[in-house]
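Please read this report with the sequence and the structure at hand. It goes through a few selected places one after another.

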Amino acid sequence: MISLLLAAAAQAAGPVDTPANRYRDCLALARTAPARAAGQAQAWLGSGGGMMAAQCLGLALSTQEKWPEAAAAFEAAAKDAEARQDRRRGDLWVEAGNARLAAGDAAGARRAFEAALASKMLIPQLEGEVELDLARAAVAVNDPATARIHVDKGLALVPKDAFAWYLSAALARKQNDLALARDHIAKAVSLAPDDAGILLEAGNIAGLSGEKEAALGLYARAARTAPGSEAGRAAQAAIAANAGTPR
Amino acid sequence: MKNRLKVLRAERDWSQGDLADRLQVSRQSVNAIETGRYDPSLPLAFRIASLFALPVEAIFEAED
């Protein structure tokens with residue numbers, strides 16, 4: 001009888017407010033009302049919510065594109081995960097680094113990505129992606145030599161990622177190594193033949209190599225693939241700029 | 001364009017790589033969409049919406 005009464009009381013009290021349930025509810029709110037979710041996550045964090053509260057705060061702030069604040073929240077989550085030796089610490093540092101890059105803080109991004117690699121919790125594929133993230137951070141501070149080191153590490157770990165070859169080709173073009181640029185952009189196009197950004201870069205490299213017909217063909221493909229995108233518009237502008245000039 | 005991709009991914013405990021595999025795009029593309037550097041093409045936006053069983057406008061929100 002007593003056990004029946006206890007069971008009834010527990011049912012009347014509703015679902016148990018475990019951290020996992022609270023995290024799930026916080027994410028659901030972040031999807032529909034991110035500002036309210038951020039407020040609740042902040043309060044939860046203040047009352048000792050730790051990694052899950054900080055992660056939800058980071059996600060809610062990311063949805064609002066409040067990147068510096070989101071980065072700080074992900075960093076807090078990553079530090080808490082490190083203190084607990086939680087397996088998610090590497091992923092959280094990656095989230096922090098990408099939020100720092102989105103905020104335009106390349107130095108902060110680099111610190112976060114290096115912490116992600118140091119965590120030794122990343123699978124090889126993600127390790128390769130973090131090398132590409134580090135390359136983007138180096139490009140952002142106009143450090144092509146460091147970017148090249150990270151791109152080469154990324155290419156070794158994620159050779160099937162078209163973006164890795166694209167990034168390498170764009171970097172080579174900027175460093176006037178057109179032979180390498182042509183080779184690597186061809187690999188990117190073969191892996192992602194419908195990516196307007198890659199086709200645009202292929203057009204740029206072909207144009208610089210003196211292959212105007214090929215460049216125009218690649219620009220046309222980029223414009224057809226994604227006419228409303230930034231890359232598609234840039235391709236259309238390149239076609240217009242070349243109109244009437246000798247081939 | 002703001003979007004809720006990162007939250008939707010977290011709700012399913014997917015990494016960016018997991019989502020990239022499901023969408024058949026690169027992880028850097030997912031990353032670029034999530035951080036607002038790249039607006040997906042219309043077909044990709046519909047693939048994302050279909051994957052999460054949500055209307056496109058529940059995921060992507062045009063900025064003022």
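## The largest cavity

In this predicted model, the largest cavity has a volume of about 30 Å³, and the count of cavities of 30 Å³ or more comes to 1. The residues that line the largest cavity are B:Met1, B:Asn3, B:Ile33, B:Gly36, B:Tyr38, B:Asp39, B:Pro40 and B:Phe60. Sorted by class, this lining divides into 5 nonpolar residues, 2 polar residues and 1 charged residue.

## The second largest pocket

The second largest pocket has a volume of about 470 Å³, and 23 residues line it. Of these lining residues, A:Gln55, A:Asp91, B:Arg9, B:Asp13 and B:Trp14 lie nearest the centre of the pocket. Two or more lining residues come from each of helix H2 (19–32), helix H4 (50–63) and helix H6 (89–102) of chain A, and likewise from helix H1 (5–11) and helix H2 (16–23) of chain B.

By class, the lining of the second largest pocket is made up of 11 charged, 9 nonpolar and 3 polar residues.

## Helix H10 of chain A

Helix H10 of chain A runs over residues 162–174, which makes 13 residues, and from its first C-alpha to its last it reaches 18 Å, close to the 18 Å expected at 1.5 Å a residue. This helix is mostly covered, with 10 of its 13 residues buried. The buried residues of H10(A) are A:Ala162, A:Phe163, A:Ala164, A:Trp165, A:Leu167, A:Ser168, A:Ala169, A:Ala170, A:Leu171 and A:Ala172.

What covers the buried residues of H10(A)? The cover includes helix H8 (124–140), helix H9 (144–157), helix H11 (178–191) and H12 of chain A, together with helix H3 (27–34) of chain B.

## A:Arg148, a residue of helix H9

A:Arg148 has its place in helix H9 of chain A. Is A:Arg148 buried or exposed? Its relative accessible area is 15%, and because buried means under 20%, A:Arg148 counts as buried.

Leaving aside its neighbours within four places in sequence, A:Arg148 is in contact with A:Ser168, A:Leu171, A:Ala172, A:Gln175 and A:Leu180. A:Ser168, A:Leu171 and A:Ala172 are also among the buried residues of H10(A). The C-alpha atoms of A:Arg148 and A:Pro159, which are 11 residues apart along the chain, are separated by 15 Å.

## Helix H13 of chain A

Helix H13 of chain A, residues 212–225, has 14 residues, and the reach from its first C-alpha to its last is 20 Å, close to the 20 Å expected at 1.5 Å a residue. Its buried residues include A:Lys212, A:Ala215, A:Leu216, A:Leu218, A:Tyr219, A:Ala222 and A:Ala223. Seen down the axis of H13(A), the buried residues fall within an arc of 165°, so they line one face of the helix. An α-helix has 3.6 residues a turn, so residues three or four places apart point the same way.

Among the elements that cover the buried residues of H13(A) are helix H12 (196–208) and helix H14 (230–242) of chain A.

## A:Ala37, a residue of helix H3

A:Ala37 has its place in helix H3 (residues 34–46) of chain A, where it is buried, with a relative accessible area of 0%. When its neighbours within four places in sequence are left aside, A:Ala37 is in contact with A:Cys26, A:Leu29, A:Ala30 and A:Ala60. Between the C-alpha atoms of A:Ala37 and A:Arg24, 13 residues apart along the chain, the separation is 11 Å.

A:Glu65 lies in the loop between H4 and helix H5 (67–83) of chain A. Its phi is near 60°, a positive value in a residue other than glycine, and at 23% relative accessibility A:Glu65 counts as partly exposed. A:Lys120, found in the loop between H7 and H8 of chain A, has a positive phi of about 55° although it is not a glycine. A:Lys120 is exposed, with a relative accessible area of 72%.

A:Gly104 is found in the loop between H6 and helix H7 (106–118) of chain A, and with a relative accessible area of 63% it is exposed. The C-alpha atoms of A:Gly104 and A:Pro68 are 8.7 Å from each other, although the two residues are 36 residues apart along the chain.

Conventions
Residues are numbered from 1 along each chain as its sequence is written. Chains are lettered from A and ligands numbered from 1 in the order in which they are written. This is a predicted model: local features need pLDDT of at least 70, side-chain atom pairs count only at pLDDT 80 or more; totals for chains, interfaces and linings use all residues. Side-chain values use heavy atoms; hydrogens and water are left out. Helices (H or I, at least four residues) and strands (E, at least two) are DSSP runs, numbered from the N terminus. The expected span of a helix is 1.5 Å times one less than its number of residues. Buried means under 20% relative accessible area, exposed over 50%, partly exposed in between (1.4 Å probe, protein chains only). The arc is that of the directions from the helix axis to the C-beta atoms. Contact means heavy atoms within 4.5 Å. On a 1 Å grid over the protein atoms alone, a cavity is a set of points where a 1.4 Å probe fits but cannot get out, and a pocket is an open set with protein on both sides within 12 Å along at least five of seven lines; lining residues have an atom within 4 Å of a point. Grid points are joined across faces, edges and corners, and a volume is the space filled by probe spheres set on the points. Ala, Val, Leu, Ile, Met, Phe, Trp, Tyr, Cys and Pro count as nonpolar, Asp, Glu, Lys and Arg as charged, and the others, Gly among them, as polar.
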